[in-house]
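Grab a pencil and open the model in your viewer. Let's work through some exercises together.

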Amino acid sequence: MSTQPISDLQDPRPDEVFDEASLAAYLAGELEGADQPMTVRQFTGGMANLTYLLRFGDTQEYVLRRPPIGHYAPTAHDMSREYRVLSVLYPVFRFAPRIYLYVEDASVIGAPFLIMERRKGVVVRRAMPPSFAAMPNSARLLSEALVDVLVAFHSVDYNSIGLSGLGKPAGFVGRQVEGWYRRWNAAKLEDSSVVEELYSWLVDNMPESPSPTLVHNDYKLDNTIFDPDDPSIMRALLDWDMCTLGDPLLDLATLLTYWTEPGDPEHLLLLTPMPTGDYGFLTRRQIIARYAEGSGRDVGDIRFYQALAHFRWMVFMQQMHFRYVQGMTKDHRFKHLDETAALLAVSALQASRGEFA
């Protein structure tokens, strides 16, 4: 994660601190300016990977990312994958932050970690930034930029930058369905007939994927940084640890899953990482149409991908709750996420019926 505004910074949470002296000693000869005194702050956003701002002296800043505390799926929170992707992507895709260092040696801070550049700007979450709120068309500009950057990302020639071996596009969607179902079974505390119905529907309605592209796998508004004075300009796309080769329509569906409109179910309005209300954001139908026009792809099966994206969101919430119950984290935000997961399972079924298209 490249950056967030200063207001998103805090002292590291007590159970998410690390040996700062060890890190400072390690980085002193590795990064420009890292021979100066180091201070550490933690970014408050996000519920998975842990992200910190490292400031050396008065001017030099970097961002450190590491996996969450405790057990997690071996294919999740993959710092080596993020390094592999960003090290070749940032020169050809200007929205990808520059990566400086990947350290696999867990003895430095207790886990593998990345060091990358800090890009400053605005991260739009629950509240519309004041500068944007004062602009009559800012929400539309934000919406259009999100879609257009996604189209541009899906057009990156992954072969030319050496990422043809990043994933296995054949069978991508099927592996997604089965993989997230396994994660559900590993994290559930009780059975769910809703989840079983949803899983059966996904298996029975799997579409034929379009030609593969790079897939970000967590494409949403609050994983981006925008120019604070111009909502049409994205400065960075964040969180690359799940990037792979696969079906681009899952990225589109992920964006739609976290996108809300007035009149959506209350739990989605409460959960969404974007401003709610009548700001003038594009509707989901308009997003789908703009992506289809820009990419030239057939989006006729989008409700399947939306159901799958809701399913993934539901399982992720259950995993976070499971980590809390098992004592792997003391973050009280996770205490009642089992209730959230149950609501999202219902939303996934609704998506399968086309209710969010």
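Predicted model: local features only at pLDDT ≥ 70, side-chain atom pairs only at ≥ 80, totals over all residues.

Residues are numbered from 1 along each chain as its sequence is written, and side-chain values use heavy atoms, with hydrogens and water left out.

**Exercise 1.** Work out which strands stand at the edges of the open sheet of six strands.

*Solution.* Start with the order, which is β1-β2-β3-β4-β6-β5, with antiparallel pairing. (Strands are DSSP runs of E, at least two residues, and helices are runs of H or I, at least four, numbered from the N terminus; two strands pair if DSSP finds at least two bridges between them.) Next, look for strands with a single partner: these are β1 (9-10) and β5 (99-103), so one side of each is left without a neighbour in the sheet.

**Exercise 2.** Find how strand β4 (residues 60-66) is joined to strand β6 (residues 113-116).

*Solution.* First, the direction: the two strands run antiparallel. Then the links: three bridges join them. Finally, pick out V63, which stands opposite M116 in β6.

**Exercise 3.** Decide whether T244 is buried or exposed.

*Solution.* Begin by placing T244 in strand β10 (residues 244-246). Its relative accessibility is 11%, so T244 counts as buried (buried means under 20% relative accessible area, exposed over 50%, partly exposed in between, with a 1.4 Å probe and protein chains only). Now check who touches T244: the residues include R81, L166 and F172, not counting residues up to four places away in sequence.

Conventions
Contact = heavy atoms within 4.5 Å.
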